[in-house]
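Thanks for coming. I will go through the aromatic residues and the cores of one model.

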Amino acid sequence: MPPARAVLLVALLLAAGSLGQGPRRPPRPPAPARTLQPQAGFDARQFAGTWLLVAVGSACRVLREQGHRAEATTLHVAPQGTAMAVSTLRKLDGICWQVRQLYGDTGVPGRFLLQARGARGAVHVVVAETDYQGFAILYLERAGRLSVKLYARSLPVSDSVLSGFERRVQEAHLTEDQVLFFPKYGFCEAADQFHVLDEVRR
């Protein structure tokens, strides 16, 4: 079994749905990522490189409860055939961790499938919008719960990019208080061999 902190780290990275039973709420309109359109003509080679996590819109209970522990997060992307190898770096309890994942090919450019831990099934990932040089907006959906992530090549991002992200958050039936902005400093450069979670080879 992985350490509890490792499980928490992966849960925070996915941020794609509630991981526990909370108070019952009226059902929200379904928003499966499989019905969302990816970036037209998506090019994984242009998308490759380093991205900084700016904000996440999600109804995930873990994200809400652990939001005060949000740390600067970096995403490194490399094409791997028609899939994408993704490496995420962030701190947990002051220590830099690296999580390696594979965004598997679905046959549709810009749409990927991440085989994640747990019984809630795989995570559908959609690169909804990007200009490759400045920003990227991704949808992640797991077990019918949708989250929206905003990444940037550098900080800060423009007001127009933030407005576009906020619009997509609203379209996902999420509210302002379900948006978490991440720190703009304290990014990890690397993690040692003892703090690497390889979700690809597990």
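Are Phe42 and Phe112 buried or exposed? Phe42 is buried, and Phe112 is too; buried means under 20% relative accessible area, exposed over 50%, and partly exposed in between, with a 1.4 Å probe and protein chains only.

Some housekeeping. This is a predicted model, where local features need pLDDT of at least 70 and side-chain atom pairs count only at pLDDT 80 or more, while totals for chains, interfaces and linings use all residues. Residues are numbered from 1 along each chain as its sequence is written, and side-chain values use heavy atoms, leaving out hydrogens and water.

Now the rings. Rings of Phe, Tyr and Trp (its six-membered ring) pair if their centres lie within 6.5 Å; planes under 30 degrees apart are stacked, over 60 edge-to-face, and the rest tilted. That rule gives five aromatic pairs. With centres 6.0 Å apart and planes at 75 degrees, Phe42 and Phe112 are edge-to-face. Phe42 also pairs with Tyr132, and that pair is tilted, at 6.3 Å centre to centre and 35 degrees between the planes. Tyr132 is buried, at 9% relative accessibility. Ring pairs join Phe42, Phe47, Trp51, Tyr103, Phe112 and Tyr132 into a cluster.

Next, the cores. A nonpolar core is a set of buried Ala, Val, Leu, Ile, Met, Phe, Trp, Tyr and Cys residues joined through side-chain atoms within 4.5 Å. The largest has 28 residues, and Phe42, Phe47, Met84, Val125 and Leu138 have the most contacts inside it. Another core, of 19 residues, lies apart from it and includes Val54 and Phe165.
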